[in-house]
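Please keep the sequence and the structure in view while reading.

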Amino acid sequence: MAELGPAGRDGANRDLKDRLKAALARQGLIQAEIVRKTQLNGESVSKAAVSNALNPEKGPPAATTLRAILNAAGISGTERDELSRLRDRAESPGPTQLEAYLKAAEKAASQHPYPGSLRAPSLPALADVYVRQQARAPAADDLDSPSPGNATANGNQAGPAVPAAEVFRADHDVCVLLGGPGGGKSTLLRAHLADSADGWLGGMTGKTIPVMVSAAALTGTDPPPPLPSVLAKAVTGDLGQVGLLDELTADFFRHPPRAGVSWLVLVDGLDEIPDADARSKVLNMLARSAEAEPGLYRFVVATRPLPATELRTLGQHVPRYELQPFSHDDLLTYATHWFHGLDGPSRHASAFIAGLKRSRLEVLARTPLMASMLCQLYAADPARPLPNSRTRAYESFVRLIYGQNSHKQIASTHDEAIRKLKNRYQIRRDKKAAKQAAQRVRNHLPELIDHLAHERINGSTAPAVEIVASHVQASLPQEVEVEQDLWNSFLSDLLRPTGILAQRGDDFDFLHQTLLEYHAARHATRDEQARSQLLDELKASPNAPAGGRLRPPDLDDSYLGFLLDGLLAPQDRIATETAEYVERVTAVGMEGLPSYLGAESRACKFLTSQVLLRTNLPPGPTAAQLTRFADDTTLFGYYRVGAAEALAGVDPEASAALLARLAGDTTLDEGLMNTNLLDGTARIGAAKALAEVDPEASAALLARLAGDTTLVATSLLQAAKALADVDRESGAAQLAHLAVTSEGWRVEAAKALAEVHPEASAALLARFATDTTDSAFNRTRSAEALAGMDPEASAALLTRLAVDPALDRRDRLYAAQALAGVDREAELAHPARGPRPPLYGVARVRADRVLAGLDKEAGAPLLARFAADATLNYGSRVRAARALAEVDREAGIALLARFAADTTLGVFGITAAARALADVDRETGRALLAWFAADSNLSDDSREYVARVLGEVDRGERYA
């Protein structure tokens, strides 16, 4: 195994040597003086031992040697403790605790997160099928209602698409990742954990080390224990299943994993906590932990959309990213990866997509969980038609898993569990009674799992085996005496290999929230009596207003869909009453209730959500209601377009006609204040949605909208970007046209062009950045936007603007601040696994020196970062540290002293550092130069060069 960079033994040794040399350099102590002082202290250490203790190519010093050096240098307190810990870590014969954690975390995260059937070719590793998704910042504050077309009810447009992994790079203490059921949230977290752990184990470094925990693990006690204790318990329980041998302690998570690195806590499934107050306590815990220890923790919270008021607990400044579903091409790629074990993967992938279109499940299959399940169903029997609804897909998939008992050896595992229980008894009658009781449990296992799911979704936090044991079919047998612990152990042996549940520590969880919902709905609709009771409860919802008018039930859309399918499945009286209930909820009959109170919009959202989930609603009434909503001029355009788009799942031809009509309906446009231009977001959404049914008509409508001069520039840009998704060449041409004709939005248009034609985008942005007829602000924005394609050119342009004496202070400051983001853009353009091209080093430092002089708070950290950037040459790094000393003397001196002790910089590098240090701390800098000039390990030429530089210092000359 490769060493763990600075966190491994070799890294710890290098870190120890660097920090020890820097500490000695700060005091101006040379090796000979250290040797003399150890002799005076009675701890005599040889010159060779001191030299080896400072040489990164040598192993760690003995504990007695380090102690003597620290005593001689007068190093005490926290610094002494840290250096001693580094020595112990460097000498550790086995992997460090961090290495052990990362190895186990990588192994766990690399496993596929979704349930699998083994009739299909063996379940592939996550990395083999993973397709990277995009994310958007949700528009305005409509976070509890993600919108078709990425527009909110009030017409505000969502943010641009970015790689979903950006949520892990955001420089905020807390970020929120939003996504629908099965939308890939957990997969994204696991993929990042696996990738990051692999990188650290392979010697790469970063700003964070991730640790994944379920939100439910942060609940359970009031008040909750400190976060480090919660993390230690939860992570140890999870990783013990994949080979973590030693328990992780709270102290492990109470300190940074290494100097300058934060824990990135990935909190999964906040929405799976059924109680809003409990969710609020979790969010408060995270916010308090981030505030209490700045730099120790960062958090990414993954959840389905929640009411916006809940997420406001974290504050308005917290970034939120909405995970986007697969595109058509993404889904095709995903399927091809899945079918790699079949003969002709591409042929099977195409047949799979065609089958999805026939079953009208293609849109639903763009969520990773549904795609995984449907791929497995197809691979198990390619000739079998795919299910035509979500519930039927779950039914088929669970049946497939249960049908694999012999292949997965579940039956033999259960037989062994029954045999073990039976053999605890000596009397034949007791053996028989124990065996019969155990077989009864096994025969009712699917029913028991449904019961467990129903209890969990209704808030029970009791252990799974206790919930199962509370069911009449799994209670302690009366015919023979069985200890409760022994019975619970037997129940665990039955639950463990089912393929539906996963063991988490001492308990069991459903592999995915939607599996829990499906099984809970099965329990709630298990027979006629249960179905009748459920329907009565829905009708008697506490949200039902006076006067008998019905509102949609206050349940999660996904779970409600499974419940409705269970009510509608048998063609009986209850199914008829359920269909009537849905019609009443969505009918025009919210008589006299003004739409501005939200009645119509709630009903519309309820119906469109269920149709998009492929709930088995009666097609005729459903199509009629969706058409009514689409034609309802009292509704926001967003809801009208959403209804027309959902209609495609019931009547594609009617949907296409309705979307085309809405795309040309100017009454959907909203007027803007202080202008005679209109916002065409709703019409653009309709034209974009039409692409799913009629791409050619969609492209024609989007082209017309992109050239509609009655629309505001943001709408023109939105239409051109949508056009590029449907017709790449036409969209690129329209974006290029907007870039040169839209005075206020040309940078945005050129940036959007980068997604379809990066070369043309780069040329336009470079031209805009050098256009002296434009404002310095716009020129800076153009140069900054160029970083994603050509970071070196971007840095050069920004540097020129930052040091341009013709610009005023504010413009130069803005350019220098923008330059700080160039590294960020380069990181996105060149993933961490590949080499990153060095930027315009000297110019960068020069610009940030300008920034530091204009704004110390902003400039000092940038100079420190550039000084530490090993991709720059030593001259640039020393200049950055020297410039830093002008605005932060202590930090600059510390960096220069460290450089002066870093033999990897070579003679010229360490001499330059000591020379620069002499400008701000003459005594220390001069002492270092004198030490170098007398060092017999250097060549005569090198010592002569150092002596010449020492003479410059003595003459009072400054570092250039």
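**Overall picture**

The model is predicted, not taken from an experiment. The protein has 960 residues, and 52% of them count as buried. Its secondary structure comes to 48 helices and eleven strands. The accessible surface is about 42,200 Å², and carbon and sulfur atoms account for 50% of that area. Among contacts between residues at least 6 apart in sequence, 67% join residues at least 24 apart.

**Nonpolar cores**

The largest nonpolar core holds 152 residues. Within this core, F339, F352, L356, L374, F490 and L491 touch the most other members. Helix α16, residues 368-380, gives the largest share of this core, with nine residues.

Leaving out residues up to four places away in sequence, F490 touches A417, I418, L421, A438 and V441.

**Strands**

Strand β4 covers residues 208-214, and six of its seven residues are buried, so the strand is mostly covered. In a regular strand the side chains alternate between the two faces of the sheet.

Another pair is antiparallel: strand β8 (residues 501-504) and strand β9 (residues 507-510) are joined by four bridges. Q503 has F508 in β9 as its bridge partner. The hairpin of β8 and β9 has two residues between the strands, and G505 takes a positive phi near 65° there.

**Two helices**

How far apart are the end C-alpha atoms of helix α6? The 14 residues of this helix, 97-110, should span 20 Å at 1.5 Å a residue, and the end C-alpha atoms are 20 Å apart, which agrees. The buried residues of α6 include L98, E99, Y101 and L102. A104, A105, A108 and A109 in α6 are buried as well.

Helix α28 spans residues 599-612 and contains L612. Is L612 buried, partly exposed or exposed? With a relative accessible area of 39%, L612 is partly exposed, because that value falls between the 20% limit for buried and the 50% limit for exposed. Leaving aside neighbours within four places in sequence, L612 is in contact with L364 and A646. The C-alpha atoms of L612 and R390 are 9.8 Å apart, although 222 residues separate the two along the chain.

**Salt bridges**

The structure holds 34 salt bridges.

| Pair | Distance (N to O) |
|---|---|
| K357 and E362 | 2.9 Å |
| E952 and R915 | 3.5 Å |
| D954 and R922 | 3.4 Å |

In the pair of K357 and E362, K357 is partly exposed at a relative accessible area of 47%. E362 is buried, with a relative accessible area of 8%.

The salt bridge of E952 and R915 connects two helices: E952 lies in α48 (residues 940-954) and R915 in α46 (residues 906-920), so the pair ties together parts that are 37 residues apart in sequence. E952 is partly exposed, with a relative accessible area of 24%. R915 is buried, with a relative accessible area of 4%.

The salt bridge between D954 and R922 links distant parts of the chain, with D954 in helix α48 and R922 in helix α47 (residues 922-933), 32 residues apart. D954 counts as partly exposed at 39% relative accessibility. R922 is partly exposed too, with a relative accessible area of 44%. Elsewhere, salt bridges that share partners join D271, R304, E517 and D556 into one network.

Key. Residues are numbered from 1 along each chain as its sequence is written. This is a predicted model: local features need pLDDT of at least 70, side-chain atom pairs count only at pLDDT 80 or more; totals for chains, interfaces and linings use all residues. Side-chain values use heavy atoms; hydrogens and water are left out. A nonpolar core is a set of buried Ala, Val, Leu, Ile, Met, Phe, Trp, Tyr and Cys residues joined through side-chain atoms within 4.5 Å. Buried means under 20% relative accessible area, exposed over 50%, partly exposed in between (1.4 Å probe, protein chains only). Contact means heavy atoms within 4.5 Å. Two strands pair if DSSP finds at least two bridges between them. The expected span of a helix is 1.5 Å times one less than its number of residues. A salt bridge is a side-chain nitrogen of Lys or Arg within 4 Å of a carboxyl oxygen of Asp or Glu. Accessible areas come from the Shrake-Rupley method with a 1.4 Å probe; for residues, only the protein chains shown count as cover.
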